[in-house]
Amino acid sequence: MRIFISGPSGVGKSTIIKEILKKRPEIVLSVSYTTRPPRPGEQEGIDYFFVPMQSFEKMLQSGAFLEWARVHDNLYGTSLEWIEKKEREGFHILFDIDVQGVIQSKGKGSPGCFILLVPPSMDELARRLNVRNTEDPRALALRIENAQKELAHWDLYDYLVVNDSLEKTIHEIVTIIDAYRSSKDLVIGELPWLRKIG
Ligand code: 5GP
């Protein structure tokens, strides 16, 4: 099972993802490749696979990525080999990728449950970003502009979850994931005998 979660900066995505992973240990977070240097505390193979630009470009040319994107001058990509290995090991995978990544993954026919996290309003998102970024109004304006561009693609997603209260939002997403697990396509894929009967 593949779960894709997108949401603009400031919507609370990282906190929500952490809580979902705690509640559903059979789900792992996809580890992307990136050309950005590690931040203090980040670990190779856990947060990202940190690679030089040349290696990333080689992977790109050989079709190694399900999807990739340039975010703030750094490249990020999801390795098909990594996903398939985890799936063979029996894990479900949660992807924290932006809308460009969702467009590419869908374009390549990846199955999955696509969830967009939405702020209660643009004013509320601006307020949350403002709390985080008090001293830089230009960066704030850019984040709001980017958020608007991302949210404009709401129609690509299966579910739009409004993050107005953290606990309610986490509960809603876990409920969606549990229901998706029983969706016709997923179940029939795992029960060849049932497919034969139909
Ligand atoms: P950061 O550098 O702060 O870890 O991530 C920056 C942004 O890149 C986040 O919004 C995150 O969702 C996005 N991102 C991380 N990995 C990938 C990936 O593999 N593909 C895509 N499309 N976006 C990614």
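Q: Which domains is the protein divided into?
A: This is a predicted model. The protein splits into domain 1 (1–26 + 91–198) and domain 2 (31–90).

Q: How many Å apart are the C-alpha centres of domain 1 and domain 2?
A: Those centres lie 20 Å apart.

Q: And what is the area buried between domain 1 and domain 2?
A: About 1200 Å². Carbon and sulfur atoms give 56% of that. On the domain 1 side, R2, F91 and I93 lose the most area to domain 2. Together they account for 45% of what that side buries.

Q: How many residues are in contact there?
A: Twelve residues of domain 1 touch twelve of domain 2.

Q: What about charges: how many salt bridges between domain 1 and domain 2?
A: One salt bridge. The side chains of R2 and E87 also meet in a salt bridge, at 2.8 Å from N to O.

Q: Which elements give two or more residues to the domain 1 side?
A: β7 (92–96) and α4 (99–107).

Q: Switching topic. Which residues of helix α5 are buried?
A: In α5 (residues 122–132), E124, L125, R128 and L129 are buried. Seen down the helix axis they fall within an arc of 135°, so they line one face of α5.

Q: Which residues are exposed on the other side of α5?
A: D123 and V131.

Q: What covers the buried residues of α5?
A: The cover includes α6 (137–151).

Q: Back to salt bridges. What does R24 pair with?
A: R24 meets D178, side chain to side chain, at 2.7 Å from N to O. The pair links distant parts of the chain, 154 residues apart. R24 sits in the loop between α1 (13–23) and β2 (27–29), while D178 is in helix α7 (residues 166–181).

Q: How accessible are R24 and D178?
A: R24 is partly exposed, with a relative accessible area of 22%. D178 is partly exposed too, at 29%.

Q: What about E172 and K168?
A: Their side chains form a salt bridge at 3.5 Å, N to O. E172 and K168 are four residues apart in α7, so about one helical turn separates them. E172 is partly exposed at 29%, and K168 is partly exposed at 32%.

Technical notes. Residues are numbered from 1 along each chain as its sequence is written. This is a predicted model: local features need pLDDT of at least 70, side-chain atom pairs count only at pLDDT 80 or more; totals for chains, interfaces and linings use all residues. Side-chain values use heavy atoms; hydrogens and water are left out. Buried means under 20% relative accessible area, exposed over 50%, partly exposed in between (1.4 Å probe, protein chains only). The arc is that of the directions from the helix axis to the C-beta atoms. Contact means heavy atoms within 4.5 Å. Domain bounds come from an automatic or database domain assignment. Buried area is the accessible area (1.4 Å probe) that two parts lose on being put together, summed over both. A salt bridge is a side-chain nitrogen of Lys or Arg within 4 Å of a carboxyl oxygen of Asp or Glu.
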